[in-house]
Every structure is written in C-alpha cells, then in structure tokens.
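Thanks for making time this morning. I'll walk through one model and then stop for discussion. Please have the viewer open.

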Amino acid sequence: MESALNLTTKLVFLLVLIYGCYGDLQDAVSINLSGKVFVIPMTTSTSHVKLHANVSKPISAMTMCQRFNSELERGQSLFSLATQSHDNDLLLYKRSMGVYRVHIRGDILDFFSLPDSKNEWISICWTWDSKTGLTQLWVNGKRSARRILKPDTSVTGTPSIMLVQEQDSYGGGFDASQSFVGEVTDVHFWDSVISPCEIQMYMELNRFNPGNILNWKDLQFSIEGKVFIEKSDLRNECYNY
C-alpha cells in the first residue's frame, strides 16, 4: 500500500498538470519538475511564475542557473528578485542577442558577445560575491570576464522572485515589452558562489548539487496567466541527474 506522502505527492503533481494546461495555478505548490519546462507562448503584462523561497538571512553571495529557449531578439527578463526597498535587487535581463544585463541593488552591468541563438537551448549561470563585488556570467560553457558590482553590500528583506516578468515594483509593475516568451527549465539558486567545476557540470547536463534556495527538483511556485507545464525535449530518456 502506498504511503499517504506518496499519494499526496501524486495528487499535487496531477493538480499542477491540470492547472498548468489551463495556465493558472495561483496557490503555491512544491513538486519535482525534473523533465518539465515552463512554456510561455505569448507576450503579456500579466503571465508569470512566482518562485517561493525560504530565505532566512541576507544574501551576500549567490549563483543562479537556468536554461531557456526563445525565438525573440528583443529584450527579455530571465530572473527578477525584488525586495520592498529595491525592485531590481537581483535582475538578469537579456537586452538583445548575445548581450546580457545584470542589476544588483539597482546598479547595472552589461556583458557583451556571449553565446546566443534563437530556438535553441541556452544554459546560463550568474555569480556574485559581495565581499569583492566580483560578478560573472557563464553561457553555454563560455564564461565572461569578471567584473565588479556592488561590493560590501547584501540583499536584505523578504524577496519576491519572478520568472517571465521584470518587477518594476515589489511583486508587480510588469511591462509586456520586457516579458519573456519561450521555455524555461532547470532553475536553481544557491546562496554562495559555486565552483567553476560545478557550473560546468550544470552546463554539460551532468550531476551537480542542486540549489539550496531554489531547486528545480523541489520547486515551490505559483503560476498566473498563460504559463504551461510541458515535457522537456532537452534530455534523452536515459538521462537522470
């Protein structure tokens, strides 16, 4: 006989699939999304995925990784973390083909000439350490030069974390022209700078230690609007990480 926990997990997953098909799951759920993607098929100022994380202390270092696939060339928000004091506490924004912009507590840096392709999967990781201010991007295995942004500071307060939309106010202020259209998967967030070796493992679809703040295999999230959960075509059926 199956345990009550297993039955509950299956029920929650079934509800996610049902509501995901209709693009609206406003109550937060926590499930293993391995082999799944968020599909955002159209430009809107409302559709988004809100990620729920238990952040118990200020963020003074971090790594965020995700994979995305889009056919758009315009600017798109990839990851947005806001607090009551800063709407762009941590923001990763794809300005145009091969050009990525990072915001930390409102300050901005642009990274140029990084890998990019339409209708292909892009694996991206972003690191930042407040002790030195060093920040860096990795895109499809290629790393940028290290730059300095916002040393000797930290992100404090209860975070509002969004995929698909950029927050111009805490939990809202969305602009359709900045919204992401495409597919997103394998979102992880660590409250530390993980090693280059771990990043390469992530990039190459090998085994890696999942994020301790956001973990795609145990992700708590809610959906609003036209966002769907579908099977990923990224890995072959033999792959398991």
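A cut-off before anything else: a residue is buried under 20% relative accessible area, exposed over 50%, and partly exposed in between. So K150, with a relative accessible area of 25%, is partly exposed. K150 sits in the loop between β12, residues 147-148, and β13. Its backbone deserves a look. K150 is not a glycine, yet it has a positive phi of about 50°.

Next case. N119 is also not a glycine, and its phi is positive, about 60°. Find it in the loop between β8, residues 107-111, and β9. Is N119 buried or exposed? N119 is at 52% relative accessibility, so it counts as exposed.

Now Q178. This one is in the loop between β13 and β14, the latter spanning 182-190. Q178 has a relative accessible area of 17%, so it is buried. What does Q178 touch, leaving aside neighbours within four places in sequence? Its contacts are R74, G75, Q76, S77, Y93, V164, E166 and D168.

Let me step back to the whole chain. This is a predicted model. The average pLDDT is 90, and 86% of the residues score at least 70. Residues 4-22 fall below 50, and that stretch has 22 contacts in the model beyond near neighbours in sequence. Residues 237-241 also stay under 50. For them the model has 12 contacts beyond four places in sequence.

The chain has 241 residues, and 49% of them count as buried. The secondary structure comes to two helices and 16 strands. Take the contacts with a separation of 6 or more: 68% of them are between residues 24 or more positions apart.

On to strand β13, residues 160-163. In a regular strand the side chains alternate between the two faces of the sheet. Here both faces are covered. S160 and M162 are buried on one side, I161 and L163 on the other. Which strands pair with β13? One is β3, residues 48-51, antiparallel over three bridges. There, K50 has M162 as its bridge partner. Another is β5, residues 76-82, also antiparallel, and again joined by three bridges. In that pairing A82 stands opposite S160.

Now the empty space. Rolling a probe the size of a water molecule over the atoms shows where empty space is left. How many cavities of 30 Å³ or more does the structure hold? One. The largest cavity has about 30 Å³ of space. Its lining is F68, S70, L72, K94, M97, D116, S117 and K118. By class, that lining has three nonpolar, two polar and three charged residues.

Last item, the second largest pocket. Its volume is about 170 Å³. It is lined by 13 residues, and the closest to its centre are T127, L134, Q136, R146 and V193. Which element gives the most? That is β10, with four residues. The lining divides into six nonpolar, five polar and two charged residues.

Note on methods
Residues are numbered from 1 along each chain as its sequence is written. This is a predicted model: local features need pLDDT of at least 70, side-chain atom pairs count only at pLDDT 80 or more; totals for chains, interfaces and linings use all residues. Side-chain values use heavy atoms; hydrogens and water are left out. pLDDT is the predictor's confidence in each residue, from 0 to 100. Contact means heavy atoms within 4.5 Å. On a 1 Å grid over the protein atoms alone, a cavity is a set of points where a 1.4 Å probe fits but cannot get out, and a pocket is an open set with protein on both sides within 12 Å along at least five of seven lines; lining residues have an atom within 4 Å of a point. Grid points are joined across faces, edges and corners, and a volume is the space filled by probe spheres set on the points. Ala, Val, Leu, Ile, Met, Phe, Trp, Tyr, Cys and Pro count as nonpolar, Asp, Glu, Lys and Arg as charged, and the others, Gly among them, as polar. Buried means under 20% relative accessible area, exposed over 50%, partly exposed in between (1.4 Å probe, protein chains only). Two strands pair if DSSP finds at least two bridges between them.
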